[in-house]
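Keep the structure open beside the text and look up each residue as it comes.

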Amino acid sequence: AAMLSRVLAREVERIGLGVQDASAIDGICYAIKHGEETSINLTGGAHVHIGQQYVCFTRLLEAVPETALLLHGETKTPYGIFAVRAALEGETGDGVTCQAMDEALLEGALVTGRREGDGLVPFGRHTAVKLKKLMIDAGVERPIRNSLPVIRKGEKILWAVGLRPSELCRAQGGRRLMVIYKGNK
């Protein structure tokens with residue numbers, strides 16, 4: 001219990017939420033130890049959401065900026081690091097942590113968060129599905145849905161990172177690039 005409380009206090013400071021009072025840290029530890037799903041208010045407008053498989057710290061910030069995806073090398077974004085390289089022959093990606101796409105499709109692509117009403121035609125399907133439904137079906141709990149990035153071109157989602165690629169990613173015969181999500185490093 002003492003180690004968990006020290007780790008949590010250190011992590012809260014590391015992510016920029018400032019020093020929290022002992023009762024907040026104790027509440028988080030209690031919920032984790034007892035498997036309680038709950039939310040706890042923290043100072044500075046922050047919250048911690050505890051689920052069955054996660055502890056998610058949130059706070060209201062200004063809108064997360066959209067970041068242009070570089071076609072070669074690494075792109076640092078608020079969501080983590082994305083690397084783009086030439087795809088090897090036959091390499092398609094797993095649709096969760098990496099995804100191959102035609103270079104023309106990636107030109108001008110952005111790494112963003114989800115937007116109200118976002119949807120895509122998932123790879124292998126013919127009809128559009130709301131991104132919110134994909135997240136619910138995949139078991140992504142509400143507090144962490146806004147932390148999942150998407151790669152989009154204009155209004156079209158190319159890849160819901162961590163979930164599914166769009167049917168748009170199907171090979172069109174152009175030069176294929178592999179986009180790899182490295183997360184926060």
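Predicted model: local features only at pLDDT ≥ 70, side-chain atom pairs only at ≥ 80, totals over all residues.

Residues are numbered from 1 along each chain as its sequence is written, and side-chain values use heavy atoms, with hydrogens and water left out.

**The whole chain**

The protein chain has 5 helices and 14 strands. Both kinds of element are DSSP runs numbered from the N terminus, with at least four residues (H or I) for a helix and at least two (E) for a strand. Taken along the principal axes, the C-alpha atoms fill a box of roughly 60 × 35 × 30 Å.

Of the 185 residues, 37% count as buried. Here buried means under 20% relative accessible area, exposed means over 50%, and partly exposed lies in between (1.4 Å probe, protein chains only). The chain exposes about 10,600 Å², and carbon and sulfur atoms supply 54% of that area. These areas come from the Shrake-Rupley method with a 1.4 Å probe, and for residues only the protein chains shown count as cover.

Contact means heavy atoms within 4.5 Å. Among contacts with a separation of 6 or more, 61% join residues 24 or more positions apart.

**The largest pocket**

Rolling a probe the size of a water molecule over the atoms shows where empty space is left. On a 1 Å grid over the protein atoms alone, a pocket is an open set of points where a 1.4 Å probe fits, with protein on both sides within 12 Å along at least five of seven lines; lining residues have an atom within 4 Å of a point. Grid points are joined across faces, edges and corners, and a volume is the space filled by probe spheres set on the points.

The largest pocket has a volume of about 1,300 Å³. Its lining holds 32 residues, and Phe57, Val64, Tyr79, Asn146 and Ser147 lie nearest the centre. The elements that give two or more residues to this lining are strand E2 (46-50), strand E3 (55-59), helix H5 (142-145) and strand E14 (176-183). E3 provides the largest share, 4 residues.

By class, the lining has 15 nonpolar, 10 polar and 7 charged residues. In this scheme Ala, Val, Leu, Ile, Met, Phe, Trp, Tyr, Cys and Pro are nonpolar, Asp, Glu, Lys and Arg are charged, and the others, Gly among them, are polar.

| Residue | Relative accessible area | Class |
|---|---|---|
| Glutamine 20 | 11% | buried |
| Asparagine 41 | 60% | exposed |
| Leucine 42 | 9% | buried |
| Tyrosine 54 | 16% | buried |
| Valine 96 | 35% | partly exposed |

Glutamine 20 sits in the loop between helix H1 (2-14) and helix H2 (22-34). Which backbone atom of threonine 43 lies 2.8 Å from a polar atom of the glutamine 20 side chain? That atom is the backbone nitrogen. The backbone oxygen of leucine 17 also lies 2.8 Å from a polar atom of that side chain. Beyond neighbours within four places in sequence, glutamine 20 is in contact with Val12, Ile25, Leu42 and Thr43.

Leucine 42 belongs to the loop between E1 and E2. Apart from neighbours within four places in sequence, its contacts include Leu17, Gln20, His47 and Phe57. Leucine 42 and aspartate 21 are 21 residues apart in sequence, with 8.4 Å between their C-alpha atoms.

Asparagine 41 is part of strand E1 (residues 38-41). Its side chain makes a polar contact with the side chain of histidine 47 (2.7 Å). A polar contact is a pair of N or O atoms within 3.5 Å; within protein, one must be able to donate a hydrogen and the other to accept it, and residues adjacent in sequence count only if both atoms are side-chain atoms.

Tyrosine 54 lies in the loop between E2 and E3. A polar contact of 3.4 Å joins its side chain to that of glutamate 141.

Valine 96 is found in the loop between strand E6 (80-86) and strand E7 (98-102). Not counting residues up to four places away in sequence, valine 96 touches Trp159, Val161, Gly162 and Leu163.
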